[in-house]
Amino acid sequence: MNESTNKKLEIQDNIKEKSRKVLVYFLLSLWAIIVLFPFYWMILTSVKSYGSYNSEYVPKFFTLSPTIQNYATAFTAVPLAKYFINTFIFTVVTTLLMMVVVVLSAFAFARLDFKGKDIVFSLFLSLMMIPNELVIITNYVTITNLDLRNTFMGLILPSVTSVFYIYLLKENFEQIPEELYKAAKVDGTSDFRYLMRVMLPISKPTIVTITILKVIECWNSYVWPRLITDDQNYFLVSNGIQEIRENGFGRENVPAMMAAVVVISVPLVALFLIFRHKIMEGVARGGTKG
Amino acid sequence: MKKNVTAWLCLLPAILFLGIFMVYPLVDVFIYSLEEGYNFASQSYQGTGLYNYSYVLHDPYFIQALKNTFIIVIITVPLSTGIALLISLELSSIKVLRDFFQTVYFLPYVTNTLAVGLVFMILFKKTAYSDGLVSLLIQLFGGPSVDFIDGPYPAKMFVMCFYTIWIVMPFKILILTSALASVNPMYYKAAIVDDTPKWRIFYKITLPMISPMVFYLVITGFIGAFKAYSDEVALFGTDLNAAGMNTIVGYVYDMLYGNSGGYPSYASAAALILFAIVFTITTINLMVSKKTVYYQ
């Protein structure tokens, strides 16, 4: 093989490599557009005026006269602020209560010795296999019978325990050296104080991850709130958006609907952009399909 | 002894909540499904037997829901896993903009299904004012005008599957990219030294190494797709039976509440049938995986 053919081959290889790169970036960009387009469309539509949106038979891909009128409509024509506050209360209280329950259990499993620990833990783990769809029927009846429909109690109570998070936190607690615990015991520190002062600060990354995942779950929950509330005063954002879709704004006011959608999406997208790596790492470590 | 007490006190809240909202309902759902003619208002029933199951299995709405659910499962699970694998492979082969793409791809995970579903509905729906963007695009290429939301069944099913895939992709891409990143680079170096062709590297190294994760995605994908519900509501509204797009889970909730509501017995029977289907499919999956998945 002489030098000139060698060079030719090298150039050919180079071209092949380059065109492969172009194809890869093309396909990746294509999927990025598919993902981003609905977001672009909701923001775009939300700033188009009612009149101009409905006069466009072929919708325009940009607008020269953006308006915030739709946002005003979204907050005045339907109780969007109310939905928002409800969801906020629901999310904060559920997450806090769950944190208490989960931390206490994880602490018991990780650091305390008691009879039947292994059996109880296996029983807990086996509960992870039970699909929500099986138990939701009885829970609905239970909450109805307790007269807790259309209350925050009814919304919150069934979702304040998560076996998966107990498991995740227990694993984390167990990595903290036992010696610390013994030293604390010698110093006469109580279990509770040790948990608050030593274990929680050390496990902060896991706690943050669990909190964020739970917040996402709460903010997006739809099925249970739909079953348990039919009074608008207790609607969460998901139910609110469904209500808006079916009855709000006289059905055809799409720009106002999109404004509501933007408002509802913003908190989580902001949370995601801030805690991007934490969230992705947390989900990769064993989150579920959401 | 004191230690025992502390431990049980710590566990008390979890045991209480799990007992009331998981263990008791689990027993109860079987009992409900066997109580015939259960009346929600008086909380009484007429007899016990398998009538509820028979009723559900002969209900045309349930058959429709069963059919829809199976179509969604069969289309979305292989497609989404395949596309996710392709995207993850491409993603791991680049350096520039990689972080940007990863962030963008994960975005649907943190969005509210109901809210974004509304945007999809707008894009696909035909109204008095406009044919909808997607339909207009099709017409641009000489196709017919299609209403994907209130139109023919295949069109509705198309949007349904498209939206489902859009929603499940972030999770799959994330899991696969981290699986690909954890493959020991030594193997690839050895393959390059041996001048192994690219496709061969993929089939002989990459795929076996990430097969446990692919398999995990297939199993969770099946389970998730069988439980499809919120995405359907997002696109077609709460009255899924009228739209002909109901799913098994949707049927359960409709039986419990909603237009045909107030029948926890039928709901329980349908939920148990769903559970039996999911259990069977998962068992088959596990058996197949024993033969095909490579564990280190």
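Start by selecting F107(A): leaving aside neighbours within four places in sequence, it is in contact with F173(A), L195(A), M199(A) and C10(B). Contact here means that the C-beta atoms of two residues, placed from the backbone, lie within 7 Å.

A quick note before you click on. This is a predicted model, where local features need pLDDT of at least 70 and side-chain atom pairs count only at pLDDT 80 or more, while totals for chains, interfaces and linings use all residues. Residues are numbered from 1 along each chain as its sequence is written, and chains are lettered from A and ligands numbered from 1 in the order in which they are written.

Buried means 20 or more other C-beta atoms within 10 Å of the residue's own, exposed means 12 or fewer, and partly exposed is in between, with C-beta atoms placed from the backbone.

**Chain A as a whole**

Along the principal axes, the C-alpha atoms of chain A fill a box of roughly 75 × 70 × 35 Å. Of the 290 residues in chain A, 38% are buried.

Colour chain A by domain next: domain 1 is 2-46 and domain 2 is 79-286, with bounds from an automatic or database domain assignment. Their centres, taken over C-alpha atoms, are 41 Å apart. Where they touch, four residues of domain 1 are in contact with six residues of domain 2.

**Where the chains meet**

Bring chain B back. Here 72 residues of chain B are in contact with 67 residues of chain A. Select helix α1 (residues 2-34) of chain B, which gives the most to the side touching chain A, with 19 residues. By class, that side of chain B has 53 nonpolar, 15 polar and four charged residues. Ala, Val, Leu, Ile, Met, Phe, Trp, Tyr, Cys and Pro count as nonpolar, Asp, Glu, Lys and Arg as charged, and the others, Gly among them, as polar.

**Two aspartates in loops**

Zoom to D147(A), in the loop between α6 (132-145) and α7 (152-156) of chain A. It isn't a glycine, yet its phi is positive, about 65°. D147(A) counts as exposed because it has 10 C-beta neighbours inside 10 Å.

Then jump to D195(B), in the loop between α8 (185-193) and α9 (198-226) of chain B. Phi of D195(B) is also positive, near 60°, and with 6 other C-beta atoms within 10 Å, D195(B) is exposed.

**Last stop: I248(B)**

Finish in helix α12 (residues 248-256) of chain B, where I248(B) is found. I248(B) counts as buried because it has 25 C-beta neighbours inside 10 Å. Not counting residues up to four places away in sequence, I248(B) touches A65(B), L66(B), T69(B), A270(B) and L274(B).

Note on methods. Helices (H or I, at least four residues) and strands (E, at least two) are DSSP runs, numbered from the N terminus.
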